[in-house]
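Subject: Structure for your review

Dear colleague,

Please find the structure below, handed over for your own work.

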Amino acid sequence: MLDIEIDGKPMQVAEGSTILDAAYKQGTYIPHFCYHKKLSIAASCRMCLVQVEKAPKPMPACATPVTNGMKVQTHSELAVNAQKGVMEFLLVNHPLDCPVCDQGGECQLQDISVGYGGGTSRYQEEKRVVANKDFGPLVNTDMTRCINCTRCVRFTQEIAGKMELGQANRGEHAEIMSFIGQTVDSELSGNIIDLCPVGALTSKPFRYSARSWELSRRKSISPHDGLGSNLIVQTKHERVMRVLPLDNDSINECWLSDKDRFSYEALNSATRLTKPMLKHDGKWHEVEWQQALDYVAHAFKDIAKNHGAAALGALAAPHATLEELFLMQKLLRGLGSGNVDTRLRQSDFSLDGKRSGAPWLGMKIAEINTLDRVLVVGSFLRKDHPLIAQRLRQAAKRGSQVSLIHSTDDEILVKLFAKAIAAPSQLPVLLAQVVKSAAEQKAVGVDANIASVSVTPEAQKIAASLVSGANSGIFLGNFVQQHPQAATLHALAQQLASIIGAKFGYLGEAANSVGAYVAHAVPLAGGLNSAQMLAEPLKGYLILQAESELDSANPQLAMATLKQAATVVVMSPFKLPAALDYADVLLPVAPFSETSGSYINTEGRVQSFNAVVKPFAETRPAWKVLRVLGNLLGLPGFEQNSSEEVRAEALSGKPEFVADQLNNQAQGVVLTLSSTSQGTERIADVPIHFADALVRRAPSLQQSRDAALPAARMNAVTLAKLGVTQGRQIKVKQGAGVAVLAAVLDAGLPDNCIRVAAAHPLTASLGAMQGTITVEAN
Amino acid sequence: MLSQDTLKKIDHEVAKYPADQKQSAVMAALAHAQDEKGWLAQETIACVAEYLGMAPMAAYEVASFYNMYDLAPVGKHKLTVCTNLPCALSGGVHVADYLKQKLGIDFNETTPDGMFTLKEGECMGVCGDAPVLLMNNKRMCSYMTPEAIDKLLDELKS
Amino acid sequence: MSIQPILLAGLDASTADRTWRLADYMQRGGYAALKKILAENISPEAVINEVKKSSLRGRGGAGFPAGLKWSFMPRNYSGAKYLVCNTDEGEPGTFKDRDLMRFNPHQVIEGMAIAAYAMGVECGYNYIHGEVWDLYTRFEEALAEARAAGFIGQKILGSNFNFELFAHHGWGAYICGEETGLLESIEGKKGQPRYKPPFPASYGLYGKPTTINNTETFAAVPWIILNGGEKYLELGKPNNGGTKLFSVSGHVVKPGVYEVPMGTPFPVLLEMCGGMRNGKLKAVIPGGSSAPVLPADIIMDCTLDYDSIAKAGSMLGSGAVIVMDESVCMVKALERLSYFYFEESCGQCTPCREGTGWLYRVVHRIEHGQGRPEDLDLLNSVTENIMGRTICALGDAAALPVRSFTKHFKSEFEYHIENKKCMVPPEVQREGSNIYVTPNRVPSC
Ligand SMILES: Cc1cc2nc3c(=O)[nH]c(=O)nc-3n(C[C@H](O)[C@H](O)[C@H](O)COP(=O)(O)O)c2cc1C
Ligand code: SF4
Ligand code: FES
């Protein structure tokens, strides 16, 4: 520790701190623009100049390390003169157009200039004008306002992992731009809006829609991936106008993915369901809540009476809240059916009954930064978990060895130590090789089931890396969870973790994937899982927050099954187009922004939130709807008066973490390495901006690169073998389903595989996400 | 696409730097690419960036930072006259004026026949030879008198 | 006064073109210092000590003691370390390194090899200014010769000393002369200077310990090793060892590079250059365009060394002497210099990026008859807001000419503002800046 003095106040700071760090710790504000705590130090704006005893010149606080005995003056004449001088320079070429600037009211330049700027400008020469750029549908530019702090440039390089922006030209002609004509396509692009201290980069969807001081700020939790990013939702007149990150270093830090940030547009979408609807004689009618709920209660009672309660099933999206899921399963089980599931894209359920607890990340999110060895198995990492990818990117930069086993070789933007890419059916063998090699390197016994695999050099390299680490982590991605041999992959990862002494876990797919287990919204002994509920048609279905034609492992099957059912009740904020066909009742329930509730994120953290706006039209919070349904069905235990009461019941208390319920260990899994795959295999990703009902309805996200139409992607060998010409529209088939897609060359795919994205209307007619797929040659 | 010859020259430059620092060769690579193509089109910059495994924007930053890269087409002969103070004391500006009048163009313009582009240069580090002009970035012309300029232009035209 | 050249020894500039090759250098006793070190197993510490004793100060402009700088390099560092030669000579008025490079490249190579030996460095780069392409190709040839002869490369002269040296050419950016801008440029980036600390000796090229010296600094080293540091010091004056190359440009009869001992009176140098061309001496910028201008009476009393010029209120800098006679309009001269800094600012620091343009535009206005009475105070205040507040010294370099021109020639600026024209009649200015070719020099392409 070093002893220093800032503005006469003595303090102790750690060696290696900068003056700015120290001042921040002490609560002393030093104005700055280019400095940002998560970015490298540029020391170029010069706004943070302070006086340091014995230094002849003012020093930039952001870049000057403290030394023992240092005496700093942040408000001395020398310091203030320097700061005022810099402020004047910043304003000489600034348009001073605050009245029409979207940043007005939240502009650092505006704020600081009030304190440091002079009254009138001494600059009487011509001002610079900088041409605006097209950064895509999310980020708006007003480049004349740019002060060249380069935060956005450093963000793309350092945090997003790809230098999409740069500072071109030099001197006064310097300007921030993307490579000519290219948009900024990072899934983290919206963060540059927050980083920009002036009004040069602003939100395109939010543009001109409100002034910052008119907005109310409410805390919330992102309903998308398993991270559970903390949000500030800004509202005006009961409408969500904008979403910003709420700093939480143990979760999302100060970042948001674009999905977290811009999906709010869907909340104001024209496709919102306004009133309950009933289908009569093939026609839809808007009805009152009472009528709709009576109908549902009757229908369910009838089915239970005539076919037994086991003819009822409930399917919910893992984006539903803990409270909703808890009441849903309670309702079904109260009626006598154990058919409840949230794992809609899963196909192998053989782990059920063998687990010791809810599958989770296996560690705290923040611990990812401390790992020195990482293996990611089966994950479209960057798009499935943008901010976890970001943490791994930083870890790799600090020297952590990150390896990947997967079926595609997308641009991951994490410096990989090793990677092994193989067809989905080959992933178990590949992972088994790593397990075997690790066992050999550690000189421990090799599981007899995998003793016969031969280890490739890549697998050996991955194993060697893991074995050499002191603090390793193995992560199973969404692709593993959806894999037909998910249990085998799990068991292999578990073995590997135990051999090398690593932590292992799942990258949670959805906001409440963990919460679903905790709420028991998964089948327990005797209940049917989601695949069984669709494979063996039931009479009645309750569908909560899910869009079955896009959220199912096999949409073809899901549609066929739901269509023939006697009663399908869909609870959704949206008028789902396919549901108009298969459902009988549509109940408008609240999205996350219009209800209170909780999500349990992938590290087992319980995060509760309140409604940020009133429910839209006749929308009601789903937990309330389920509670009333419970009453109408005459079930006991549906007397809760608030979501807090539901939560307390589901969690027994108000824990911060549900640590005691989390456990990735599974016993008694039979390894099946042999692959039965024939023909061409489908590889299905769930594109980031199609992953759930909200993002699909956010217009700006839908214009982004990540929302491009699905294609049939193959490597050159497969293209040739199937006689397909790159660029042509081809027919892709699974069972009776056909999709017409463009054939695209993707050198990163294994032989005999066709990558066709799921979760998109264009491919919803197809079958299982992983399985055989054929094409018609052209 | 760059020619094999240019790629070979780039490889020679790449070999000077540590194996994981290919980007160090970007300045030379852009210069060689410009020699081949006459100027640096966006595709050419992207090509160089890809060859060196760097972001196109990083290559563009470099191409737009250094004076001698041409991001727009120039004439067959680019003549850069130094008009900085030391040169100006010995006729730099007069030489520039002479060229402007002779070629009928101003600085940053190209003759209609596409033969000559005139540029104003900053100090080239040869002030003792004033007046000087630099031809196509590589050929330094020292002690330039009007007669010498006439001779040079005749030579270039033929 | 007899002058013993050591940098351009035996090199009559008119014939030197043919004598740059290895064989010529060997004939002049080249590589003897390197051989001596390796043959006699002189320790790296002893080499550094000799350089310290010589009082050799960096010839790139700042005049930092070379031996001291070398001693900052970590001794027992396990990874790569680098040595970089700064031949990015682009400071207006400076063209001395060019003569070293075209007439005596092997002396630079030998100096670098010795420095590498002294600091335990195995890889070096020479960064060569963009516009002088022929120097780059020649240096590449010289490197090939030296490599073939075993003076650089692996196991030099049969010893265990390895040193690889490469040429890197710039492509037109003055700022790359600043040592950390130069490092960024070698790394394949824009040449934007880095904030220091960390200094290159701990975090330099590719983040590794690095020493950067000017071409002339390296070229002086072989002589120091062969003749001893004390001898070198004696050539000059205390604290200002050795000889120095001066690039003389402007209104003298024979502009060119002159090697004189440190401490030589300015009038002696002026005389070596054949004196004034036509008119009377008006002012001299003694150390490159960034150095404050000195009026005739002050400079005529100076000796050419760091201390004397500093005392007179300017800087020896890179030894670039720009001589101006009375035909020069000081407003116009400053306008041209201010344009240079405006054009060459790298653009990262706010005061430099915004301030250089401001300065230029105001001076431009004054020169074009649109000056205002408050402009001189404004210029002064703007320079105050730039100086000492930027990452590198370009900010100061842009400010100092403005301050010195407006200080020493205030009346001329005031006249301009008041009368909207210059005191020096336009025809006199035109005549004075006319095309002038040095005697015995012929146009060459
Ligand atoms: C704007 C600027 C330009 C510079 N240009 C040069 C140059 O062209 N050549 C040079 O040797 N040093 C130049 N320097 C000085 C270098 O930063 C550095 O101090 C020098 O190369 C160190 O070598 P020395 O100690 O041998 O002088 C420049 C400095 C600044 C701030
Ligand atoms: S002072 Fe000017 S040239 Fe130097 S780093 Fe700052 S902006 Fe660049
Ligand atoms: S915040 Fe320190 S220089 Fe910008």
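A polar contact is taken here as a pair of N or O atoms within 3.5 Å. Please note that the model is a predicted one.

Ligand 1

Two further residues of chain C place N or O atoms by ligand 1. A polar side-chain atom of C:Asn213 is 2.8 Å from an oxygen atom of the ligand. For C:Asp88, a backbone N or O atom is involved, at 3.2 Å from an oxygen atom of ligand 1. There are 17 residues around this ligand, and those that come nearest are C:Gly60, C:Asn86, C:Asn213, C:Asn214 and C:Thr217.

Ligand 2

Ligand 2 is surrounded by 13 residues. By class, the shell around ligand 2 holds eight nonpolar and five polar residues, and no charged ones.

The interface between chains C and B

The size of an interface is often given as the accessible area lost when the parts come together. For chain C and chain B, the buried area is about 5000 Å², of which 59% is on carbon and sulfur atoms. In terms of residues, 69 from chain C are in contact with 56 from chain B.

Four salt bridges link the two chains. One of them pairs B:Asp129 with C:Arg98, with the closest N and O atoms 2.8 Å apart. Between chain C and chain B there are also 29 residue pairs in polar contact, counted where both residues have pLDDT 80 or more.

Several elements of chain C give two or more residues to the side that touches chain B, among them strand E2 (123-128), helix H7 (133-148), strand E5 (243-250) and helix H14 (330-344). Helix H14(C) gives the most, with seven residues. The side of chain C that touches chain B comprises 33 nonpolar, 21 polar and 15 charged residues.

Domains of chain B

Which residues make up the two domains of chain B? Domain 1 covers 4-65, and domain 2 covers 77-157. The C-alpha centres of domain 1 and domain 2 of chain B are 28 Å apart.

With kind regards

Notes: Residues are numbered from 1 along each chain as its sequence is written. Chains are lettered from A and ligands numbered from 1 in the order in which they are written. This is a predicted model: local features need pLDDT of at least 70, side-chain atom pairs count only at pLDDT 80 or more; totals for chains, interfaces and linings use all residues. Side-chain values use heavy atoms; hydrogens and water are left out. Domain bounds come from an automatic or database domain assignment. A residue is near a molecule or strand if one of its heavy atoms lies within 4 Å of it. Ala, Val, Leu, Ile, Met, Phe, Trp, Tyr, Cys and Pro count as nonpolar, Asp, Glu, Lys and Arg as charged, and the others, Gly among them, as polar. Contact means heavy atoms within 4.5 Å. Buried area is the accessible area (1.4 Å probe) that two parts lose on being put together, summed over both. A salt bridge is a side-chain nitrogen of Lys or Arg within 4 Å of a carboxyl oxygen of Asp or Glu. A polar contact is a pair of N or O atoms within 3.5 Å; within protein, one must be able to donate a hydrogen and the other to accept it, and residues adjacent in sequence count only if both atoms are side-chain atoms. Helices (H or I, at least four residues) and strands (E, at least two) are DSSP runs, numbered from the N terminus.
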